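Hello,

Here is the structure we talked about handing over. Please open it beside this message and follow along.

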Amino acid sequence: MNTPSFDIFCRVVDNYGDIGVCWRLARQLARHPAAGPVRLWVDDLASFARIEHAVDAAAARQKVAEVELLHWARPALAVEPHAVVIEAFACSPPPGFIARMRDNLWINLEYLSAENWVQDCHALPSLQANGLRKYFFFPGFTEATGGLLREPGLVEARGHWLSQPDLRWRLLRDIGMPQALTDKLQAGWRQVFVFCYGNAPANALAQALSRSSRPTVVIVPQGVLPALASMQNENLRIFEMPFVDQDSFDRLLWSSELNIVRGEDSLVRAIWARQPFLWHIYRQDEDAHLAKLDAWMELARFSPNIRALMRAWNTGDEAAALQGLQDALQADAFLQWRLETGSLHERLASQSSLAERLLAFCTEKSHSG
């Protein structure tokens, strides 16, 4: 397997996070000189098209950004499996496709977590009924995991983009921001980007920003947190933007002074943006998500006040979130938050990326059989 080829299977079930991860991985593999052809199977092309505008939601088979896209419908197209078959988040390929697999490398790309057990389970095999071994590949924040998605040259690209302010204003114009709001940002208003779940303490956010000595323009994708629109005042303006492609999403994070993100794909992008951020983790039954949040905050090494704010945001504690945000927005506290975020960014950017570790894993398994 000198240049492994890939089939990646994705079901769009989790607020664009699943397809967000798969699309980034597919593009990175397709551009990597050590990888062969990449094929991405997606069951919901309409949702996919919201974050990748080049996708034709009506086309069963197409090619975008060097990746072959197949609509994962029933019955699935009968094609020969590529050398490496990746099922994202245990979505399991169609039975007919599995029946055609022989000596293929089968990988279950798991969810991102900072919990300690992930390191023990990463890369473990599971014998399947057909005799093939399926390996569990866990993204993560340490060298003992599968790493994080990061494009080659991403840090340099961010620096280049931020060095040219006109690119920021052009992007805001292209996504439909009224000139009056752009003028406010150019005059020194704070830009905040909000992409959270609907149960976020929106009132606490609006109050904290409204009471801040510096006025704010909040950018929020349409339908994400509609309650914010009714909370505008002379110190706070809300712009509801359309969904954008992943590159534009990254640039909005780069140019915002505070980012509020949800799920795992956006968390990683907020880390690479190197700006202070709040993470809204996906809620699970019996508050299992809070243990995952605590494990991540321990790894991130944020100060106690930011940890408390992050927990208040995720538990929906309006009073604690309001107080935490007001405190964190004070100049000295915000500078400390920025420094801690920068330190997290540096530690993680020094590691190899998920795509690189995945390719190394494929090479290792091809040599070991």
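**The α11–α12 pair**

Helix α11 passes helix α12 in a right-handed crossing. Keep in mind that this is a predicted model.

The two helices, α11 (residues 288–300) and α12 (residues 304–315), pack at an angle of about 160 degrees. Their axes are 11 Å apart. The angle is over 145 degrees, so α11 is roughly antiparallel to α12.

Which residues make this contact? From α11 come H289, L290, L293, D294, W296, M297 and E298. From α12 come R307, M310, R311, N314 and T315. By class, the contact of α11 with α12 has five nonpolar, three polar and four charged residues.

**α12 itself**

Helix α12 has 12 residues. From first C-alpha to last it reaches 16 Å, close to the 16 Å expected at 1.5 Å a residue.

Its buried residues are I306, L309, M310, A312, W313 and N314. What do the buried residues of α12 pack against? The helices are α8 (202–211), α11, α13 (318–328) and α14 (331–349). The strands are β12 (258–262) and β13 (277–280).

Just after α12 comes G316. Its phi is positive, about 75 degrees.

**Residues in the elements around α12**

Leaving aside neighbours within four places in sequence, N203 is in contact with M231 and E318. F193 is 10 residues from N203 along the chain, and their C-alpha atoms are separated by 16 Å.

Is N259 buried or exposed? It is buried, with a relative accessible area of 0%. Not counting residues up to four places away in sequence, N259 touches F193, L252, L253, A273, Q275, P276, F277 and L278.

Q222 lies 97 residues from A319 along the chain. The C-alpha atoms of A319 and Q222 are separated by 26 Å.

**The α1–α9 pair**

Now to another helix pair. Helix α1 (residues 17–31) packs against helix α9 (residues 246–255) at an angle of about 105 degrees. Their axes are 12 Å apart. An angle from 65 to 115 degrees counts as roughly perpendicular, so α1 is roughly perpendicular to α9.

On the α1 side, the contact is made by G20, W23, R24 and R27. On the α9 side, it is made by Q246, D247, F249 and D250. The residues of this contact of α1 with α9 divide into two nonpolar, two polar and four charged.

**Loops to check**

Start with the loop between β4 (67–71) and β5 (84–88), where P75 lies. A cis peptide bond joins R74 and P75, with omega about -5 degrees.

A83 is also in the loop between β4 and β5. A83 has a relative accessible area of 26%, so it is partly exposed. How far apart are the C-alpha atoms of A83 and G36? They are separated by 9.4 Å, with the two residues 47 apart along the chain.

Next, backbone angles. A65 has phi near 50 degrees, a positive value in a residue other than glycine. A65 is in the loop between β3 (61–64) and β4. It is partly exposed, with a relative accessible area of 33%.

A123 is not a glycine either, and its phi is positive at about 70 degrees. Where is A123 found? It is in the loop between α4 (117–121) and β7 (125–127). At 24% relative accessibility, A123 is partly exposed.

**Where to look**

For a quick pass, begin with the right-handed crossing of α11 and α12. Go on to N259, buried in the model at 0% relative accessible area. Then take the cis peptide bond between R74 and P75. Finish with the positive phi values of A65 and A123.

Best wishes

Conventions. Residues numbered from 1 in each chain as written. Predicted model: local features only at pLDDT ≥ 70, side-chain atom pairs only at ≥ 80, totals over all residues. Heavy atoms only, no water. Axes fitted to C-alpha atoms, helices over the stretch in contact; angles between N-to-C directions. Helix = DSSP H or I, 4+ residues; strand = E, 2+ residues; numbered from the N terminus. Parallel < 35°, antiparallel > 145°, perpendicular 65-115°, else oblique. Left-handed = near helix turned anticlockwise from the far one by under 90°. Contact = heavy atoms within 4.5 Å. Nonpolar A, V, L, I, M, F, W, Y, C, P; charged D, E, K, R; others polar. Expected span 1.5 Å × (residues − 1). Buried < 20%, exposed > 50% of the residue type's maximum accessible area, 1.4 Å probe, protein only.
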